[in-house]
Each structure stands twice: as structure tokens, then as C-alpha cells.
Amino acid sequence: MNFEGRHITLHDMCLRDGMHPKQHQITVDEMVDIAGALDAAGVPLIEVTHGDGLGGASVNYGFPAASDETYLRAVVERVEHSAISALLLPGIGTVDHLRMAADCGVKTIRVATHCTEANVSRQHINLSRDLGLDTVGFLMMAHMISEDALVEQALLMESYGANCIYCTDSAGYMLPQDVTDRIALLKQRLKSDTEVGFHGHHNLAMGVANSLAAIAAGANRIDGSAAGLGAGAGNTPLEAMAAVLERMGAVTGVDIFKLADAAEDHVLPIMDEPVRLSRDALVLGYAGAYSSFLLFAKRAQEKYGVPSHEILLEMARRKTVGGQEDLIEEIAIEMAAQTR
Amino acid sequence: MTTKAKAAIIGPGNIGTDLLMKCQRSDFIEATWMVGIEDSAGIQRARALGLRTTTEGVDGLVAGFSADPVDFVFDATSAYVHAENSRKVTALGAMMIDLTPAAIGPFCIPPVNLQALLDRGPTQNVNMVTCGGQATIPMVAAVSRVQPVSYAEIVATVASKSVGMGTRDNIDEFTRTTSSAIEKIGGADEGKAIIVINPAEPPLVMRDTIHCLTKEAPNETDIRTSIAAMVTDVQRYVPGYRLKNAPIIDGHRVTISVEVEGLGDFLPKYAGNLDIMTAAGLRTAEMIAQRRQSSRSSL
């Protein structure tokens, strides 16, 4: 593999996906500090939102330390070169949130749906495109369907106005061949000027390898997270990804050492616990469950005395999708009743 | 002997046909019209059951109204055409029961506010909120009638196959209408609604989580009693409405989860989200018809 001269856009997730392991408690000061460090390292795109996207503030997913608007205004103000993106899940956030984010100066909107439900994203993608924003369709839990089915959904998002489509491995389940098959078909079937991206989770330690497979198959946007801060075992570690890409000749515009500084000196200190490939994270990746279920399962374990990895396995068995965090407590109660 | 009130159904699709089947069993409502815009399977089915049908839309109903009048019209079309349907129907003196998210008339969640709506005097148009609203607002009200609720949030998880294009094209309308009704009818100071669509096969039965944050520490005993009574009230028209677990009380948070299995009349049983809409719409018409009848007989 050789990516000599390939331009790859690296997109940092630690201030959005990283909100999951932080239970959405990253402070505004911490966000501004980390965004400043990423900006200095030349990271072109930084996502800033509640872990579950705009409007995610809730009993169900957790109330954040500050509102999306407060975070976005503060970070947009701080960065000089980086563009800021925001995530939106239809069903949780609405076009009102999208307008607010645009007003804050967000340049990229990523509209995320479960991989089979792209047609709930029409109004949000339409609006983002009408506002002149870089508009991304983000197909989550993409391991659950075939590449053909994924392409059908991607074509819908493209028809609504998305200029970039993501294959999102929310469970960290995919292996390189799974990524290759999906990205290659997306590249083949989408318009030639539609960009394709890959979002990985490191639950089977495949973040970098899967991202390389994605690039080899034609993707040019890659998500990762400084110090890996993200749900489950975290996202693809961005500093490692950048270093590997530089060794392979790709052009990212990122300063490896400054990015490593950002990870080590700015992101690592805010971690409540090291983001690592724990038993729970392994189960997420092995069985294919949504990565942000992890902490909910841990809390249910504390309250109901049921092993968290058993809860996560059951969530995978029931073919749950992103957003079904409310089922975790119910499953824990049922399992506790069975063992009694 | 009591005579049944007559009703027209606009929209012979899945919802309209399911509603028709429920009407067939009703002691108070008789569906006499099915209104469509083409000679669809739904129109043919209604005709075979002996209903008067039209494929001219609401204008067909208007034209034939004097020969075959109705007391109620159920609109099972879309928010986009509801306003016009409602204007034409109410001008004829029929009451509109709106199953679309248009929400021209006041919200109606039968076990929570139908009585109060009726006490307020005649209403030309009532709106049945959303499927998520019908399934969850009774639970919010069950808590808020015991003690003040500062915030209520509902998460509706529904099978992909039970979510039609109308909802998908404007999913924000679900979020907004449901949030608003959580406040206005549920009695919470602030409401939030979330919908999650799951494509698993076999399709999952509608499941809802209701989180209420009470202002003072929850009065557990009274809340449990109130919830149990409300579940019984909903079961009068949706027998498959079930509490999943005992309510979880954690600090000021009261969390309730329910499962809504439909009757499987025309819609499949897992589509409790659609069943509860048709059942609530019919329940509303029945209660109004009953009330009209008793006020006539008492004269």
C-alpha cells in the first residue's frame, strides 16, 4: 500500500465522541483548550457536540456540562485554521438545532441515521445544503447490512444533497475486508465528486487498519480522536493515524508532534479513566453493539449486580441500534430477576 | 335502542383500514364512508364491507353528504391536506378527528384530557397528537397528577416497518408535536421527545420509556397507584398496553417503560404505535357519541 500524494482529511472526534466516556462533562474551558491544541497541530476538522449530537441533552443520554451552543460558540471563537463540525441525529435533534449550529459558525453538518433509515434525514440534509454547509450523511452501525444495502441508503442521502457519505463502524465490529467491500462499492456507485469517509472504533484494535483499508478503497475522510478519546475502546487514535499516513506518503497537513502533544498534554489529563480495550469494549466489537452503551451497562452493573459485558451481549443479540440506551436498565432488571 | 353515530374515514391506507376494522366492532360508531383519491385496495375493501365510497377525495364526501350525512370524520391522510379537509368537513357540521400531525384543533389524549375537552363545550376539530404522544403522555399525566413535574422526556422505539413516509419526511414534526403535548397535556413544565427506529426482524413491538423529573421527592406510593390506574384506563381501548417493569425511582427521577402491542386488526401486532392512534381516535369519537346520546336521553 502506498498513498503517495493522496490528500486525506482527518477529522477529530474527541470533543464529540469523547463526550461519551466523559459522560458529556467536558467543560467549556477544556474544550477550548483542546480545540486550540488541535488547531495548532493543523487538524482540519474538529467535531464539537453532545455525544449523541445536537439536542442530545437528556435524561436518557445524559445532560452535558454546557449547552451545544455554548460549546460551539466558545470553540469557533478559539480556532484559527480548523473548521468545526456538528453531529445531528434526526429523532433526537431537529432543524432548529441545525440552524443554531450554523449560526454559531459551524462549517460541516453530519446527519447521522441508523444504516437502514436514511430517509429520515431528508429535511436536515436539505437544509444543511441550502445553508451552504459541507453536508455529510453518516450511516451508523454499517456492519449490520451488506454493502449493496448500504449503497442504497447512501444514494438516498446523496440525492438529498449530501456531498460526503460515511461508512460508520459504530460498534467497532468491522474487519478490513468489511471496510474494503463497503467503501469500494460506495466509491463505485456514488457520484465521482461525492466524498467517502470512514469512522472507526477501536474495540477490536482495528481502527488504524480499517481506516487504511478505507483509504485504499477510495475514502478520503477519516475520523479519529486525539488520544483515542471516544466511546467503547475509543476512536481510531488520530495521532497514530496521522503518523502512519505520513509514513505512507499521504498528505494530511497535520503536524505529528504537535498532535501528539495535544493528545498527551491536553486530552489525556481530562480522561476519567484510561480509554482502553477493556472486556466490555471487546464484547462491543466482537458482538457488534453500539459503543456508547458501554458506560450505561457499567452503571447498570453497579446498580443491579449483573455483569456489564453480559448486558452488552444481550443488547447485541436483540439487534439494538444507536439511541436505545433506555433498554439497558430494563435488560439489567430482567437479568437480575432471572438470577434471583 | 341506541343508534350508532355515523362516521367517514378519509384515507383508505393502512391506518384508515385498521380504523375501519375497529369501527366494525364499535357499539357507538358506524363507519359509513370511505374517502380516497383512487380506486385502491383500501377503497375496494371498504366497498365490499358495504360502505359508501368515493375516489373524489373530500369533495366526493361533501357532494354526497346531504344524502348520507355523518357525525364524525376521521382524517387519516397527511398534515399537508388536513387543513382543507377539516375546513370542508366542519362547514357541514361534522366533527373532525385528526390523526395527522397537523394539530389545528386541541390535542386529545383520551384518558387524560378528553373529558375536560368535552366539558369546555363543542369542539369542531381535535388532534390525536402522535403515536409516541398517545403511548407516553398518559404516563406523564399519571405522575404530574400526583405532584409537579418540572421535566418529562419520552423515548419511543418503533419498528422500522411501522414508520410511514409521512413521518420519515418530517420526523421533526414528531419531535416538536410530542414535546409540546407533553407540556400542554402531560402537565410537565418542559417536555422532550426522542424517536428511535429499529429495523430488526422480526419487527419489535413498540416500546416507550418515560422519564419524569419531579420537583419534590417522588411520592412513590401515590405515583405507583396513579400509574396502575392510568394503565388500566389506556387498556380499555388498547388491551396490549403494558407496563414493562415497576417504575424506577432514583432521586427525583421516575422512569416508566411500557410496551404497546396492537390488536392486529389490519396493521400487524408489533405496530402498536399505529394501533394506539386508531384506537385513541375511535375512543374519542365513542366518548363524544356516548355523551351526546346521554344528553339527548336526559332531555
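Residues are numbered from 1 along each chain as its sequence is written, while chains are lettered from A, and ligands numbered from 1, in the order in which they are written. In this predicted model, local features need pLDDT of at least 70 and side-chain atom pairs count only at pLDDT 80 or more, whereas totals for chains, interfaces and linings use all residues.

**View 1. The two domains of chain A.** Chain A is divided into domain 1 (9-270) and domain 2 (292-339), with bounds that come from an automatic or database domain assignment. Their C-alpha centres lie 26 Å apart. Where the domains meet, 14 residues of domain 1 of chain A are in contact with eight residues of domain 2 of chain A, contact meaning that the C-beta atoms of two residues, placed from the backbone, lie within 7 Å. The domain 1 side of this contact in chain A holds seven nonpolar, seven polar and no charged residues; here Ala, Val, Leu, Ile, Met, Phe, Trp, Tyr, Cys and Pro count as nonpolar, Asp, Glu, Lys and Arg as charged, and the others, Gly among them, as polar.

**View 2. The two domains of chain B.** In chain B, domain 1 is made up of 5-128 + 276-297, and domain 2 spans 131-271. The centres of these domains, taken over C-alpha atoms, are separated by 25 Å. Contacts join 21 residues of domain 1 of chain B to 23 residues of domain 2 of chain B. On the domain 1 side, the elements giving two or more residues are α1 (14-25), α5 (110-119) and α10 (272-297) of chain B, helices being DSSP runs of H or I with at least four residues, numbered from the N terminus. That side divides into 14 nonpolar, four polar and three charged residues.

**View 3. The contact between chains A and B.** Chain A gives 24 residues to the contact and chain B gives 26. On the side of chain A, α4 (122-130) and α13 (326-339) each supply two or more residues, and the largest share, four residues, comes from α13(A). The residues on this side divide into seven nonpolar, 11 polar and six charged.

**View 4. The neighbours of Ile9(B).** Ile9(B) touches Gly16(B), Leu19(B), Leu20(B), Ala31(B), Trp33(B), Met34(B), Val35(B), Phe74(B) and Ala76(B), not counting residues up to four places away in sequence.
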